[in-house]
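I opened this notebook to record what I looked up, entry by entry. The structure comes before the entries.

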Amino acid sequence: MDAEEHILRLSQDPEWADLTPIPQDDGPNPVVPIAYKPDFIETMDYFRAVYKANEFSPRALQLTHQAILLNPGNYTVWHFRRLILDALGIDLNEELNFMLGISERNPKNYQIWHHRRWIAEKLGTDAASKELEFTRRMLSLDAKNYHAWSHRQWVLQALGGWENELDYCHQLLEEDVFNNSAWNQRYFVVTRSPLLGGLEATRESEVKYTIEAILGNPGNESPWRYLRGLYKNDPKSWISDPQVSSVCLKVLSAEANHVFALSTLLDLLSHGFQANQEFRDAVDSLRPSNSDPADSDLAKTICSILRHVDPMRVNYWTWRKSKLPSAVSV
Amino acid sequence: MESGRETVTQVEQWSVEDRVFRIYNMFASIPPGAQTTLLELQRDEHIKYLNEGLKQLGPSFVALDSSRPWLCYWIIHSMALLGESLDYELENNAIDFLNRCQDPNGGFGGGPGQMPHLATTYAAVNSIVTLGGQKALSSINRDKLYNFLLRMKDPSGAFRMHDAGEIDVRACYTAISVASILNILDDELVRGVGNFILSCQTYEGGIAGEPGSEAHGGYTFCGLAAMILINEVNHLDLAGLIDWVVFRQGVECGFQGRVNKLVDGCYSFWQGGVLALLQRIDLVTGEYLSLFDSGEEDSPGNSTSEGEDTDGISSGAEETCHFKNGEQQDASCSVNYTSSNHTRSLGNVETEPLFHSLALQQYILLCSQLENGGFRDKPGKPRDFYHTCYCLSGLSVCQHCCSKDYDSPSVPGQVLGPYPNLLEPVHPLYNVVLKQYREVREFFSRSRAKLN
Ligand SMILES: [Zn+2]
């Protein structure tokens, strides 16, 4: 709407009289031809002219503005705009204001985020809080916007501002514990924040936090994967930490979705976890009445149960079963 | 954290489940004859929709004015999957138009006169490969394209989308894919890219666009395919990757792109393609078991067979394009197909894929397909060419993933709906139809680029 209202009438504007517009070289019979509106054709014809002439001028900057409003996906226009901004030494804080409305209308456009990263990089650490605030606003509109999260991670790593990030993750998970992007961000913070001391230092409190989330919603895949991630590259602790096996046992003994507890237990067993009778009983009680007789190998029994309770992945569980070492009997 | 309160994720998920299950319940309640009709692939309608798009697009497509080679690829590849070739004039028009998107210094832009971009280069090259023939294939300036790829390479080894553009796994895949299919992949292009992709595999098991981001179906396909193409797939945590991707198929029968996100038809290819690729990886050696070069290309005397060009100007390509090396491929096949060893490979190529193929076909045909042509993300959304392309690609992957040899007809039990639903098979590393893949390999093995 605003794009059409504010469109320049370039061909009638004396300011542009010196420039010869360049039409698009589509050829005589183009495929996928688009029925462009006249204002689009005019704007792009003049854009091609300033682009070809390498004209870094205020009017060219204004023209890129028009072109971006008409099609924010045109990366050539964005690129040229950055060259002009550089050449004219424009205050980039103003550029951020220009970006506001466009970003909200096109939250999944690669170009706006790339442009934003370019600006923030130039502004340096001063931009950190503004960029964190901006992504927070974009995430309040869509808490799983992939580009917004990537930008936020880049800001944290390049410009800083880690202080409240774990709280922010907590807040988002309080709002929606199924928000996997927030879990991923949490992992990003505990593994990369210079303030927290890394995975080793945070594991204990993180395990507690995650287990609470699992017990609240045992069918929520996100915290299960997060829990596994907390022991990445440390299978020894993964199988020896009693908190991990006991959360499996708790879920298996409750009325709940058992798929993730079973698959986690299967993973523990294949890494060498020794299950006691309590685990065997809990698993046995889940065997469907019409299934094969219990196997002496607990892992095989788990695969058989998963074939029943998780039929979408029947081939996967069959395959997992076929990969188990065959001679194990305890 | 209480389970009592409904969250945004739950509310949206339940609403989609509701729509999808309503369709499945309706389907279950009608007589078998009517069911067969509903499962029919509406070939004529799809072809009509695609043909019209190729000839004219409305003003709203201005948002895709920098993605016109993509529009070409989505449409032309969809037609090829349906076994439909373009008429002579339209084919010539397509070749001419794509050539106008080619930059004088290499690579293809989003439209005539736009900067070259890796994604549109991939789309243009795949379109041209799909069109096939001397005129189309020789329109690509491979020497210049190679230079463009080198210019897009970051010192880290990863690729940028365009001059001063963003670096991500998509850029890496599109660069490696075009270099591979055009037979210009060498050590210089490969250097460091594997390490970048490796750094994008997340704690969840899937692959993200950049290090630290969330595992995502599109990037997982790109990362895995690129790692196979550069022969470094065994560096990935494959067990973790498999576990992540099999869980992306949900109760709606289709795939989602990320954990706790909504089902979407386009992931039929991105995630289904990941599983089709994984099915051919030997987990012990990390070798990719190519079935695609079998047949005429590997017959004795073929120009790509051993001895003739294993060294020379593109020796790097010979080392990295393992799949085109007849010798290695035979060795891996013999390992895989002896029954005593078949559990070494991930999927048993001769039997079942690790996802639910019939369920996925059901989602594509009943939930994504529109009666009057085209496919959509999910019920309630409009059709578009992107989803048409990737729903059809995913459908083809489902229909053919169990075939021992891609040239032999698919096992009828693997095709949901009437047998004429059967689509052309694709080469899942590039997502071009197999027949055209074979032609381009043959073409560029005869006329190599003069590099260095
Ligand atoms: Zn989609």
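Entry 1, the metal site. I took as donors the N, O and S atoms within 2.8 Å of the metal (3.2 Å for Na, K and Ca); water is not among the atoms, so sites may look incomplete. I noted that the donors of the zinc ion follow the spacing D-x1-C-x120-H along the chain. I found the zinc ion coordinated by B:Asp264 (OD), B:Asp264 (OD), B:Cys266 (SG) and B:His387 (NE2), at 2.1 to 2.5 Å.

I worked on a predicted model, where local features need pLDDT of at least 70 and side-chain atom pairs count only at pLDDT 80 or more, while totals for chains, interfaces and linings use all residues. Residues are numbered from 1 along each chain as its sequence is written, chains are lettered from A and ligands numbered from 1 in the order in which they are written, and side-chain values use heavy atoms, with hydrogens and water left out.

I counted as contact any heavy atoms within 4.5 Å. On that basis, 84 residues of chain B touch 69 residues of chain A. I recorded about 6500 Å² buried between chain B and chain A, 52% of it on carbon and sulfur atoms; buried area is the accessible area (1.4 Å probe) that two parts lose on being put together, summed over both.

I required a side-chain nitrogen of Lys or Arg within 4 Å of a carboxyl oxygen of Asp or Glu. The rule gave six salt bridges across the interface of chain B and chain A. I looked up A:Arg225 and B:Asp243, which form a salt bridge with their closest N and O atoms 3.1 Å apart.
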